Amino acid sequence: MFFIFFELLSNMPELPEVEVVRSFLESRVIGKKILKVSTVNEKLRYKVPSNLNLSLKNLIITKILRRGKYLILFFRDSKLCLLIHLGMTGYFRLSDELVEKKHDHVIFFLTKKILIFNDIRKFGFIKIYCNNEIFLSSHLRNMGVEPLSKDFNLNYFNSFRKRAVDLKGLLMNQSFIAGLGNIYCSEILYDARLSPLRKINSLNNLEIRNIVKSTKKILKKAISFGGTTIKNFIVSEEKIGYFKNKLKVYSRDKKNCLRCLKGILIKKIRQNGRSTFFCEKCQK
Ligand SMILES: [Zn+2]
């Protein structure tokens, strides 16, 4: 049996992981018709719409977009679209036949395939919107710039320049930049050699250019390695989620800094209730 399975564990998926899911789905479900949608459990972060089956039945999936950590599915000749968030542990499984597992919540019966949404922590959700209202929805309307777009640049950063917040706090702020979380903020600032504690209003142009450059570099690299938090992602014989082995600072507290080497240890601190990992010596 041809079996495709992937699972998100331990950390909340961030932009690269959601992008990996997007491209996985794009290559396998575009052009497929939804024959039926069956809701096993409606109690996700928001109640699964009771009209899901009625609204989506017979629609053909034409496009899958990612905005920040959200996925949006569009359909042929339909005014509706589907907004999906994976929450903390949400994942999709694509299979030839229905083999139900614990925590399967929504099952999409497609032409010749079955797509299943599973979520242990039930923090993910699925909502229906009208195409012309989706980007005005409460989830997306205040979302900041996409880090991989050319709109994320020195000029954009400058409009936030006067803020007295620290660098980690700004990068985590979804209305400033979309899709970054704990893992990639630590990795980006390590790559840019900047301390997560630096105040935004103390940064010079060169430092901001470095943040922009490191952000794009780290995210692209993570996507090419299949993301970090996806521990068990098998597509036929292909396994991905390998960026975990490429992490240079995240979760490496009390270990030697890979740049400064012997004797200089990575430090773990709390910022806004979340862990930050950095090297005090080479991140100024
Ligand atoms: Zn160092």
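The structure holds zero disulfides, a disulfide being a pair of cysteine sulfur atoms within 2.5 Å. Cys130 is in no disulfide, and the nearest cysteine sulfur, that of Cys81, is 7.8 Å away. Cys130 is partly exposed, with a relative accessible area of 30%; buried means under 20% relative accessible area, exposed over 50%, and partly exposed in between, with a 1.4 Å probe and protein chains only. For Cys185, the closest cysteine sulfur belongs to Cys282 and is 17 Å away, which is too far for a bond. Cys185 is buried, at a relative accessible area of 0%.

This is a predicted model, in which local features need pLDDT of at least 70 and side-chain atom pairs count only at pLDDT 80 or more, while totals for chains, interfaces and linings use all residues. Residues are numbered from 1 along each chain as its sequence is written, and side-chain values use heavy atoms, with hydrogens and water left out.

Cys260 sits in the loop between strand S12 (256-257) and strand S13 (261-265), and Cys279 in the segment after strand S15 (274-278), so the pair ties together parts that are 19 residues apart in sequence. Helices (H or I, at least four residues) and strands (E, at least two) are DSSP runs, numbered from the N terminus. Cys260 is partly exposed, at 22% relative accessible area, whereas Cys279 is buried at 0%.

The next topic is the aromatic rings. A pair of aromatic rings is described by the distance of the centres and the angle of the planes. The structure holds 13 aromatic pairs. Rings of Phe, Tyr and Trp (its six-membered ring) pair if their centres lie within 6.5 Å; planes under 30 degrees apart count as stacked, over 60 as edge-to-face and the rest as tilted. Phe152 and Tyr156 have ring centres 6.5 Å apart and planes at 70°, so this pair is edge-to-face. Both Phe152 and Tyr156 are buried. Phe157 and Phe176 are also edge-to-face, at 5.1 Å centre to centre and 75° between the planes. Phe157 belongs to helix H3 (residues 154-158) and Phe176 to the loop between helix H4 (167-172) and helix H5 (182-191), so the pair ties together parts that are 19 residues apart in sequence. Phe157 is buried at 0% relative accessibility, and Phe176 is buried at 0%. Ring pairs link Phe152, Tyr156, Phe157, Phe160 and Phe176 into a cluster.

Two lysines lie over ring faces: Lys36 over Phe109, at 4.8 Å from the ring centre, and Lys127 over Tyr46, at 4.0 Å. A charge sits over a ring if NZ of Lys or CZ of Arg is within 6 Å of the ring centre and within 35 degrees of the ring normal.
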